[in-house]
Amino acid sequence: MSDLAQFRADTRAWLEVNCPAEMRTPMRSEDDACWGGRHFKFQSEAQERWMRVMGEKGWTVPDWPAAYGGGGLSAAETKVLKEEMRAIGARSPLSSFGISMLGPALLKYGTEEQKSRFLPEIARGEIRWCQGYSEPGAGSDLAGLQTKCEDMGDHWLVNGQKVWTSYADQADWIFCLVRTSTETKHGGISFLLFDMESEGVSTKPILLISGYSPFCETFFDDVKVPKDQVVGEVNKGWDVAKYLLGHEREMISGMGLGSGSSRTLAQSLGEIDDPVLAADVALFDVDALAFAAMSEHFIDQLKAGEAHPAMPSMMKYAGTELNKKRHELIMAAGGSDALEWDSERSRGGKAAREWLRTKANSIEGGTSEVQLGIVAKHILRLPGA
């Protein structure tokens, strides 16, 4: 038996023993996600146990170095682990902006002290992060941000506002873009980490048309931040920000894969009487399978450092459009029943609320128009792009 085959056998046996039966069922909604952190309330003992055992194993971040709380697995071993988890329908043990966005940036730009301090906490689900990027006057033109960060000698002093800060009201810490110099637009940005319980930090939820509110306005009023919590060089945070954006767009593109279940949309919806709708669903499933194959190839390239710099934009656009189409078809198949909003039968209007939520997919993480512009210019190299 080859080393990889032995690893597969060992992994399968370990998952069989350690993955609770409750964690082998599809997530019913976003509420089933496990975010971890100081204030997270686990939905069940099984959810907490699954996060803990995977964190102890290092398999919440299997390809991170073991020294920073990861599993130290190779790319091939990481793929095997994901395949074996998918085979038993195992849920992700931990959803985390620390894993999907901040972690890769710290691994590349962080000091040894920053990596040793924050990465193991992220891997174990002990700290929950939010992202302080967009501002009321700096969305698509992110480099136009104005949140001010002054050097006070023994600390930084932060004043300003962020908007569309996902889960800011539930996060423990924030990774935040601030302006430390006004000499140049891109050159005066720094990448700062600080505790959301710091004096002067406040949040205000933004209600969406879906009735849910994952987004917040976030305010900073004379927030003191230790000097050693800048990632990368002062005034060169734009380099860190761009690198992180690539991983954010990879994360958002993942919604094109749906819940991660191996079931096709046709299998999930069951028998469809309308032949035109059935054909649309079948065509969607073909596109979804093609996207899954393309996504796997893209992630392999990204991990190997071989992906085109504009590929995350292409994947983000494709993934969000696919997710929007999925929920359009779910609504169409549900007919008038899918329009129910508060009933127990509709699980609180699950289909309608999730469909409305997808309308933000083409905005968050960079608008579709911006992503298409990047693809046109850097991949297709279209004249005038």
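Q: How many salt bridges does the count come to?
A: The rule takes a side-chain nitrogen of Lys or Arg within 4 Å of a carboxyl oxygen of Asp or Glu. This is a predicted model, where local features need pLDDT of at least 70, side-chain atom pairs count only at pLDDT 80 or more, and totals for chains, interfaces and linings use all residues. Residues are numbered from 1 along each chain as its sequence is written, and side-chain values use heavy atoms, with hydrogens and water left out. By the salt-bridge rule, the count comes to 22.

Q: Which helices does the salt bridge between Arg12 and Glu84 link?
A: The closest N and O atoms of Arg12 and Glu84 are 2.8 Å apart. Helices here are DSSP runs of H or I with at least four residues, strands are E runs of at least two, and both are numbered from the N terminus. The two partners are 72 residues apart and belong to distant parts of the chain, namely helix H1 (residues 3-18) for Arg12 and helix H3 (residues 75-87) for Glu84.

Q: Is Glu84 buried or exposed?
A: Buried means under 20% relative accessible area, exposed over 50%, and partly exposed in between, using a 1.4 Å probe and protein chains only. With a relative accessible area of 6%, Glu84 is buried.

Q: Which helix holds both Lys324 and Glu321?
A: These two form a salt bridge, with their closest N and O atoms 3.2 Å apart. They sit three residues apart, about one turn of the helix, and that helix is H9 (residues 311-334).

Q: Where do Asp342 and Arg353 lie?
A: Their salt bridge brings the closest N and O atoms to 2.9 Å. Asp342 is exposed at 61% relative accessible area, whereas Arg353 counts as buried at 8%. The pair ties together parts eleven residues apart in sequence, because Asp342 lies in the loop between H9 and helix H10 (350-357) and Arg353 in helix H10.

Q: Which residues do salt bridges that share partners join into one network?
A: Arg12 and Glu84, the pair linking H1 and H3, belong to it.

Q: Which side chain is joined to that of Ser190 by a polar contact?
A: Ser190 is in strand S5 (residues 189-195) and is buried, with a relative accessible area of 1%. A polar contact is a pair of N or O atoms within 3.5 Å; within protein, one must be able to donate a hydrogen and the other to accept it, and residues adjacent in sequence count only if both atoms are side-chain atoms. At 2.7 Å, the partner is Thr180.
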